[in-house]
Amino acid sequence: MRLGVLDVGSNTVHLLVVDAHPGARPLPAHSHKAELRLAQLLDEDGAIGPDGVDRLVAVVRDALQAAEDKGVEDLLPFATSAVREATNADDVLARVRAETGVELAVLTGAEEARLTFLAARRWFGWSAGRLLVLDIGGGSLEMAYGIDEEPDTAVSLPLGAGRLTSSWLPGDPPDPDDVRALRRHVRTEIARTVGDFSRFGAPDHVVATSKTFRQLARIAGAARSADGLYVQRELKRASLEAWVPRLAAMTATERAELPGVSEGRANQLLAGALVAEAAMDLLRVENLEICPWALREGVILRRLDHMGQG
């Protein structure tokens with residue numbers, strides 16, 4: 001059957017259409033994206049303002065039309081941290097439902113981490129052993145660890161690249177004092193969770209998902225997206241540590257000229273790099289591998305599992 005997953009994230013609203021059936025690998029058929037930056041549209045009270053809600057409704061309506069055009073039989077719509085943490089989340093969800101008919105399921109941070117872990121486990125297989133999965137989104141950082149398809153521990157922290165950029169790094173290029181303050185904040189937050197992971201022992205394989213990690217790996221020398229899904233891409237902590245001060249000295253325009261860095265994400269790349277560097281350092285990760293599958297694939301795989309049990 002043709003499945004669609006509609007991901008209302010903190011940076012983008014992304015419709016992914018796949019051809020799938022239980023027991024088989026989902027095959028991508030169509031992708032429809034819109035940059036919305038919900039995490040940066042919150043007002044002082046933490047609510048998504050009227051303009052942001054208007055834009056969200058319009059983007060969801062467009063995605064719904066694209067899903068219909070592509071013959072999607074079953075649409076799985078969900079929202080992550082930007083909507084989850086908005087003080088007017090219920091009103092936003094009600095308006096989306098009233099004006100588009102789409103019922104957005106709001107995932108908890110732990111659910112995000114578990115579903116992303118499931119996708120990584122299926123991609124790398126059982127031979128990967130004990131898996132540590134890191135995912136930096138626009139609004140949150142997810143970390144999960146385990147040896148099965150369900151992780152032993154899953155953590156979500158409010159350390160998304162978009163959220164941190166708008167709250168901590170107003171300058172372009174950023175003020176060095178702001179960068180140091182953000183670095184301290186990120187490391188303090190992640191350090192509180194290290195014990196949740198270290199008690200299980202060292203992982204056999206560390207992987208990362210998300211556009212932030214893909215862009216960091218690319219500027220550090222990994223293969224281009226155009227080279228395909230199955231090319232191994234890695235990010236070494238030593239390379240990342242060398243890049244952080246360089247990124248801090250650049251303007252967003254200069255970062256956008258780096259290989260693989262999109263103009264829309266360039267301003268967030270430093271905050272994402274600080275989170276990635278802190279997570280790798282505090283969790284004692286020297287090297288990680290980029291996983292092509294992430295949350296959207298996890299949602300699809302979970303749906304297929306339920307279909308197979310039905």
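Which residue in E2 is the bridge partner of Leu-6? I looked it up and found Leu-15.

**Ground rules.** I am working with a predicted model, where local features need pLDDT of at least 70, side-chain atom pairs count only at pLDDT 80 or more, and totals for chains, interfaces and linings use all residues. Residues are numbered from 1 along each chain as its sequence is written, and side-chain values use heavy atoms, with hydrogens and water left out.

**The sheet.** I then followed the strands, which like helices are DSSP runs numbered from the N terminus (strands E, at least two residues; helices H or I, at least four). Strand E1 (residues 2-8) and strand E2 (residues 12-19) run antiparallel and are joined by 7 bridges. Two strands count as paired if DSSP finds at least two bridges between them. I read off an open sheet of 5 strands with mixed pairing, in the order E3-E2-E1-E4-E5. Its edge strands are E3 (27-35) and E5 (105-106), each pairing on one side only. Helix H1 (residues 50-69) lies across E1, E2, E3 and strand E4 (74-79), at about 15 degrees to E2. For that angle, axes are lines fitted to C-alpha atoms, for helices over the stretch in contact, and angles run from 0 to 180 degrees between N-to-C directions.

**Ser-81.** Next I checked Ser-81, which sits in helix H2 (residues 81-84). Is Ser-81 buried or exposed? Ser-81 is buried, because its relative accessibility is 2% (buried means under 20% relative accessible area, exposed over 50%, partly exposed in between, with a 1.4 Å probe and protein chains only). Beyond its neighbours within four places in sequence, Ser-81 contacts Ser-10, Glu-112, Gly-139, Ser-140 and Arg-163 (contact means heavy atoms within 4.5 Å).

**Ile-219.** I moved on to helix H8 (residues 211-219), where Ile-219 is found. Ile-219 is also buried, at 8% relative accessible area. Not counting residues up to four places away in sequence, Ile-219 touches Trp-243, Leu-247, Leu-258, Pro-259, Val-261 and Leu-269. I noted 8.5 Å between the C-alpha atoms of Ile-219 and Trp-243, which are 24 residues apart along the chain.

**The cavity.** The largest cavity holds about 40 Å³, and its lining includes Ala-161, Arg-265 and Leu-269.

How values were computed
1 Å grid on protein atoms, 1.4 Å probe; cavity = no way out; pocket = protein on both sides within 12 Å on 5 of 7 lines; lining within 4 Å. Points joined across faces, edges and corners; volume = space filled by probe spheres on them.
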